[in-house]
Amino acid sequence: MQFRIQEVLTKGKLPLIHETVQVDSLLKGRRDVLSASPMQVELNVTAAEGLIHVDGHLTSELEMACSRCLNPAAVKVDVPFHEQFKQVAELSPEDEESDDDTIEVIGDSIDLKPYVEDLWLLELPFVPMCSSDCKGLCSECGQNLNEHECGCNRGSIDPRLAALKDLFIDDNK
C-alpha cells in the first residue's frame, strides 16, 4: 500500500487500491478474538491543491467472545477510512498551530499500512454481544441464562441498605 507522493500530485489520482491484509499479528495476545478473516482494504487516492486525500473502506469479519455470556459472537467490522497527507521538508513543532486533519510526511513515499491497521484496531468493538437480548451468566453459579434459568437468588442488595432487609422478616412465623 505504498505510493509515491509526486506520482499522485502529477497524475491527480491513482488506480483504486484493493488489498487483503492479514490481521493475525495485530490480534496476538487478544483472548476476546476467537477468529478473524483477513481485512479487505479498498482505498481511493487523489490529489488536490498539494494535499493527498485517501478515502475508502476497511472490512473484515471476526468471531469474538460475547461480553455477557462468553459464547461466540459474529462481528462485522466496516470502517470508513479518510486521511489527508501533505509533503513537507521537515515536521513542524508541536507548539505551532497546524491543521489537525493533515498528516505531514517527510520524503516522497507514503505507506498506508500502519494507518489502516491502527484505524481497524481502534474500531474493534469493546463490548461484543452475541445478541442484543443476551442474558449473560448467573453471577452466583455461572449458568448461561440464555440456555435456561438456574434458580439462584441474584437479587443484589445495596450494602448501605442491607440492615433494612431484616425489617421485612415476619417474626410471628
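Trainee: What is the relative accessibility of Cys150, and how does this residue count on that basis?

Mentor: Please keep in mind that this is a predicted model. Cys150 has a relative accessibility of 28%, so it counts as partly exposed. Cys141, at 45%, is likewise classed as partly exposed.

Trainee: How many disulfides does the structure hold?

Mentor: A disulfide requires two cysteine sulfur atoms within 2.5 Å. The structure holds zero disulfides. For Cys141, the closest cysteine sulfur belongs to Cys150 and lies 3.7 Å away, which is too far for a bond. For Cys150, the closest cysteine sulfur is that of Cys138, at 3.5 Å, again too far for a bond.

Trainee: Which residues have the most contacts inside the largest nonpolar core?

Mentor: In soluble globular proteins, nonpolar side chains tend to be buried together. Here the largest nonpolar core has 32 residues, and those with the most contacts inside it are Phe3, Leu43, Ile52, Val54, Leu58, Leu112 and Trp120. Two or more residues of this core come from each of α1 (5-11), β2 (17-21), β4 (39-48), β5 (51-65), β6 (72-88) and α2. Beyond its neighbours within four places in sequence, Leu112 is in contact with Met1, Phe3, Ile17, Leu43, Val54 and Phe85.

Trainee: Which residues form a nonpolar patch on the surface?

Mentor: Leu161, Leu164, Leu167 and Phe168 form such a patch, and together they have about 490 Å² of accessible area. Leu164 lies in the segment after α2 (113-122). With a relative accessibility of 42%, Leu164 counts as partly exposed.

Notes
Residues numbered from 1 in each chain as written. Predicted model: local features only at pLDDT ≥ 70, side-chain atom pairs only at ≥ 80, totals over all residues. Heavy atoms only, no water. Patch = residues over 30% accessible without salt bridge, like charges linked within 9 Å, V, L, I, M, F, W, Y side chains within 5 Å. Areas by Shrake-Rupley, 256 points an atom, 1.4 Å probe, with all protein chains shown as cover. Salt bridge = Lys/Arg side-chain N within 4 Å of Asp/Glu carboxyl O. Helix = DSSP H or I, 4+ residues; strand = E, 2+ residues; numbered from the N terminus. Buried < 20%, exposed > 50% of the residue type's maximum accessible area, 1.4 Å probe, protein only. Core = buried A, V, L, I, M, F, W, Y, C linked by side-chain atoms within 4.5 Å. Contact = heavy atoms within 4.5 Å.
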